[in-house]
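The sequence and structure come first.

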Amino acid sequence: MNIRLFKPSLGEEELQAVKESFGRSWIGLGPNVTEFEEAWEKFIGCKEAIALNSATAALHLALSVFKFPEGKKVLVPSLTFAATATAILYNRLIPVFVDADPVTLGINLQDLEKKYDKDCVAVIPVHYAGHPVPMDNLILWAKAKGLKVIEDCAHTTGGVYKDKILGTWGDVSCYSFEEKKLMTTGDGGMICSNDPDLLKEVRAMRWVGIDKDNWKTAQAYTHANKDAMHWFYEISVLGYKYNMNDLAAGIGLAQLKKLNKMNSRRSSIIRQYMNGLNGIEGIKLLLPFEPESYCYQMFGIRSIRRDELMIYLKNQGIATGCHYTPLSMQPLFKEWGNNCPFVEKEHNSFITLPLHADLTDEEIQYIIYHINKFNK
Ligand SMILES: *Cc1c(COP(=O)(O)O)cnc(C)c1O
């Protein structure tokens, strides 16, 4: 056995999309990107979605659009991927790490209140593993404090909390299509908002400051406006090289069509895990998974003999991981870190188990069998 922790689920449809781009000989920023953005707006139900080359880029730009003065503070969970917090540093802002909720492992609302001060300008909740942060409470609190809310939706795609899709609660939301996520474009991301005015400079910011549709220009080159200065453009914002390309967007369009199916397979896998692991001495579920209600990018357990169990599973050909070492403990963040006592201790019990749409029932039973055997 050699069971991967994460694996993208790819097929003929994705290959076909790539071939179509090859057929057009247009593989950069082009019509697929526009089509993917429109499909995503419809899927999430937001007014504006702009496709980028990663969620890291999306988080960077999400904070940039508010033009916060240098040195202001942003509240961020300690238990998240590095990019959630590096986006704060890219913007010359200060990260304030918030501890995890002991049950859901999402941002801890009591600690959030404790860590807040007058210099805070924004909060970045992460729907950890895909489990929703209680956004109704968080938004109420943030609005009362005058904070902007940026949702890091890298672990969710269309999960619904209290009748509202995750990623439409905050001011801006960021999705990831990196290959380990719920759907993939290889690498890719999306920045979304219901306030198009807020994102008005993002199209320019993703392409070194130039807001121009090269595909349309190329199509119309010899047609309209014979005397127009087609080469003219103006750079008025500081931009980056953050655009998605047509190869990625084509794959994304194909993946989006399969997303419901892939998500229900993930849910059924989690249900099998929950049934199979129920009652095993020495382990607990990582968080109160509700696979029939939400889509999850990760599944895991907490174990008192974490390291031994991980090594045992490795020897059975089962890949595991730990998501994450809290950022407040990382050397890069040392000057703002080490103040999230619960998660800084508790993460030593976390084990992420294999979860991807192509995992077979046999493989799941094999994993459950070995966790059982280890704990006997
Ligand atoms: C993966 C991930 C990101 C970054 O996504 P990329 O598309 O790889 O840049 C950000 N936040 C969280 C919580 C993630 O898991």
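Which exposed residues does the face of α10 turned away from its buried side carry? That face carries Ile311, Lys314 and Asn315, where exposed means over 50% relative accessible area and buried under 20% (1.4 Å probe, protein chains only).

This is a predicted model, in which local features need pLDDT of at least 70, side-chain atom pairs count only at pLDDT 80 or more, and totals for chains, interfaces and linings use all residues. Residues are numbered from 1 along each chain as its sequence is written, and side-chain values use heavy atoms, with hydrogens and water left out.

**Helix α10**

Helix α10 spans residues 306-315, and its buried residues are Arg306, Leu309, Met310, Tyr312 and Leu313. They lie on the same side of α10 because they cover an arc of only 160 degrees around the axis, the arc being that of the directions from the helix axis to the C-beta atoms. Their cover includes β10 (283-285), β11 (299-303), β12 (350-353) and α12 (361-375), with contact meaning heavy atoms within 4.5 Å.

**Ligand site**

Polar contacts are pairs of N or O atoms within 3.5 Å.

| Side chain | Ligand atom | Distance |
|---|---|---|
| Thr56 | oxygen | 2.5 Å |
| Asp152 | nitrogen | 2.8 Å |
| His155 | oxygen | 2.7 Å |

Taken alone, the ligand exposes 390 Å², of which the protein buries 94% (Shrake-Rupley method, 1.4 Å probe). Both α3 (55-64) and α4 (82-90) give two or more residues to the shell around the ligand; α3 gives the most, with 3 residues.

How values were computed
Helices (H or I, at least four residues) and strands (E, at least two) are DSSP runs, numbered from the N terminus. A polar contact is a pair of N or O atoms within 3.5 Å; within protein, one must be able to donate a hydrogen and the other to accept it, and residues adjacent in sequence count only if both atoms are side-chain atoms.
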